[in-house]
Each structure stands twice: as structure tokens, then as C-alpha cells.
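Load the model in your viewer and keep the selection panel open. The tour goes stop by stop.

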Amino acid sequence: MLKCRECRDCNGIACRGEIPGVGGKGSGLSFIRNRQAMEHAAINMDVCAEPGETDTSCSILGSDLSMPVFCAPIAGIKNNYGVDISEYEYADMVLDACEKTGILAFTGDGIDLDNLFAKPARAVNDHHGRGIITIKPWVKEGIDERIAVLSDLNYAMAAMDIDAAGLPLLRAGLTPVETKTVSALKKIKECLKKPFIVKGVMTVHAAMAAAAAGADAIVVSNHGGRVMDDTPGTLDVLPEIVSACRGKITILIDGGIRTGSDVFKCLALGADGVLIGRPFALAAVKDGSEGLQKRILSIQDELRQAMLMTGCHTLNDLNPEMIRTLK
Ligand SMILES: Cc1cc2nc3c(=O)[nH]c(=O)nc-3n(C[C@H](O)[C@H](O)[C@H](O)COP(=O)(O)O)c2cc1C
């Protein structure tokens, strides 16, 4: 039975604490605050503007995209969604949908190296390398094993979800996860020889550390509220990270992004791109690549609408004054 309740507003309330499952950790507050922060940001409509087309296309870290939206890494499909879909099948559907709609997907990682890491990485290779491989913050041995898997595979970029350092199941494993210093991140980036994204940044300090390590991008993320209870929402911390790091590093964000209007808010507040997790994963596990393609295209339509209603023609036209924070 599908573990996700498919709520109309995927806001973390009904699934509080459900891990395995799709909920947020503990009280679920981190997930819930991601949504609340998104709801408290409103868009200042203004159509006194030049008429014309809206263009959502962009280039991020050397990849041309139809819009600055990525499919977030999601691992453990059977365990978390309760469906009989293998990790390779899931990655294959997601990568197919992303390829057909002109965006990029991340793959995930977990204790089972072959099933949770190598199979999705192989799917990226099978999709002409159009994907981003995410590695968990293992101790050196675990990272080396994964880099060895990648040695004969084609992929566009690599990422590390440093916020997985506290996951109890992973800390207790034979090859555990750990927190990472600037010099550790620097070494990983050097070994990977690809654009490198540090995912799980919630403070200016961590963003600056990622930049000092030579990372190409950060994802402002609390892992969808799954790694720590009681963090702020990601949109709550985005503006301070943008004002400290803009121009130094590419800034991506995820958590509670559900519509093209939400994408617009993140971009207007200074993000270069966004990742969407649960809504894309649900569309894929329920309706396969076609279902996910529909969801991606509807996000793009809504983003275009928000741009039209604020007088924006290209993504460069968005700015923070278009957003009003309601508290
Ligand atoms: C079931 C599930 C599995 C996840 N697995 C991973 C993973 O393997 N690696 C990772 O970096 N993030 C993982 N995440 C976090 C997502 O990549 C993303 O940060 C989060 O879901 C974004 O929030 P949203 O779902 O509200 O859009 C997972 C999230 C969920 C719900």
C-alpha cells in the first residue's frame, strides 16, 4: 500500500514523524516550516509592463535547462513509498521524464551500495550521463567505494548531502557517515573532477565553508525535514545566505516547493535554482515517467504565469522586491 497519503497540500502535517515513510523527523516541524515559509512569502502582482513572451530557460553549472528546477534525490523507494519499484526503475523513470522536459535529476544514496547507489548511478550513465550523482557523507572508505563505482560511468555533476551526517541508521553502520570539514570537502571535490554541489546547508557559516572548499554550488536544504527536528524553513534562511554568498557560489534551495509560484519566490529571493522532492517522487511512483513529465510541465506553466503577472520576460528580471513576507 502506498505510504504517502497524497494530501492536496503536501505540508508534512499528516505524515509527521513517519520515517520510513515520507514524513519529517520527530514532531515534523522542519518539514512543516518549509511549507509555512513558502506560504508566508507572497508575490506582488504588477502587470503594468511591456507585453511579450516569458522565457524560463537558463544555464546552471554548464547545463542548459528548460527552467531552473531539478528533481531532488530520493532513495529507498520500496521502504519509504511501500511500492514495488526498484531503485533502478525509479531512477530510470525520473531521468527519462527530466530528459524529455529539459531539466536534470539527482540520484540518492544509502547503506546498500549496489542497490541504493550503484544502480541509480548506472541509470544516469544509461541516460547519456544527464544526471547528478549524490553521495552520502561516509567516512573515507565509503566515499572511495562510491568513487570507484563512478570511475567508468558518465554523469554530469556530483553532490554530497552533508546533512545526512546525523542519520542514526547510517551512523551505526560498518562504514558510518560523519560531519565534514572544509579540507575534507575539498579532497572529495578534487577526486570527483566534476561540478560539485554541497547539499544540506542551513547557515551562512556552512555556505561559506562550502565555497571555501571550492564547491560549485550549495543546496539550502534541511533534507525535507528528515534529518533534524525543529530547524527553520529553508526559505526563512535563504535571504541571509544569498546576501553573504551571491556571486561566490551557485545557490540552489529545496523544501516545500510545490508550485511554479513557489519556484518564482525562491528565484526572486536570490536562488539560482530549486529542487523538488516529494511531489515529483509521488508523480513518478504513481504514474511513471509520463505522470512526472505532466507535473514538471505544470510547474513550468505556473512559473511562466507568475512571471507574466509580475512583468518578467526572463529569469534575470526577477528581484526580491517582487516578494512580500507575510507574518
Ligand atoms: C523518501 C525520501 C528519501 C530521500 N532520500 C534522499 C537521499 O537519498 N539523498 C538526499 O540527498 N536527499 C534525500 N531526500 C531529501 C530530498 O532530496 C529533498 O531534500 C527533500 O525531499 C526536499 O523537500 P520536499 O520533499 O518538501 O520537496 C529524501 C527525501 C525523501 C522524502
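Where is the place of His128? Select the loop between α4 (113–126) and β6 (131–135): His128 is there. Helices (H or I, at least four residues) and strands (E, at least two) are DSSP runs, numbered from the N terminus.

Before moving on, note that this is a predicted model, in which local features need pLDDT of at least 70, side-chain atom pairs count only at pLDDT 80 or more, and totals for chains, interfaces and linings use all residues. Residues are numbered from 1 along each chain as its sequence is written, and side-chain values use heavy atoms, with hydrogens and water left out.

**Stop 1: two positive phi values**

Stay on His128. Its phi is positive, about 60°, although His128 is not a glycine. Is His128 buried or exposed? His128 counts as exposed, at 58% relative accessibility. Buried means under 20% relative accessible area, exposed over 50%, and partly exposed in between (1.4 Å probe, protein chains only).

Now select Asp230. Asp230 is in the loop between β9 (217–220) and α9 (234–245). Asp230 is another residue other than glycine with a positive phi, near 70°. Its relative accessible area is 47%, so Asp230 is partly exposed.

**Stop 2: the ligand**

Select the ligand and display the residues around it. There are 22 of them, and Pro73, Asp254, Arg258, Gly277 and Arg278 come nearest. Here a residue is near a molecule or strand if one of its heavy atoms lies within 4 Å of it.

Colour the shell by residue class. The shell divides into five nonpolar, nine polar and eight charged residues. Ala, Val, Leu, Ile, Met, Phe, Trp, Tyr, Cys and Pro count as nonpolar, Asp, Glu, Lys and Arg as charged, and the others, Gly among them, as polar.

- His223: an N or O atom of the side chain is 3.2 Å from a nitrogen atom of the ligand.
- Gly256: a polar backbone atom is 3.0 Å from an oxygen atom of the ligand.
- Arg278: a backbone N or O atom lies 2.9 Å from an oxygen atom of the ligand.

How much of the ligand's accessible area does the protein cover? The protein covers 98% of the 610 Å² that the ligand has on its own. Accessible areas come from the Shrake-Rupley method with a 1.4 Å probe; for residues, only the protein chains shown count as cover.

**Stop 3: Lys180**

Go to the loop between α6 (168–171) and α7 (182–192) and pick Lys180. Lys180 is buried, because its relative accessible area is 18%. What does the side chain of Lys180 contact? It makes a polar contact with the side chain of Glu178 (2.7 Å). A polar contact is a pair of N or O atoms within 3.5 Å; within protein, one must be able to donate a hydrogen and the other to accept it, and residues adjacent in sequence count only if both atoms are side-chain atoms.

**Stop 4: the segment before α1**

Finish with Pro20, which is in the segment before α1. The peptide bond from Ile19 to Pro20 is cis, with omega near 0°.

Select Lys3, also placed in the segment before α1. Lys3 is partly exposed, at 35% relative accessible area.

Last, pick Arg5, found before α1 (29–39). Arg5 is partly exposed, with a relative accessible area of 46%. Draw a line from its C-alpha atom to that of Val242: the separation is 34 Å, for residues 237 apart along the chain.
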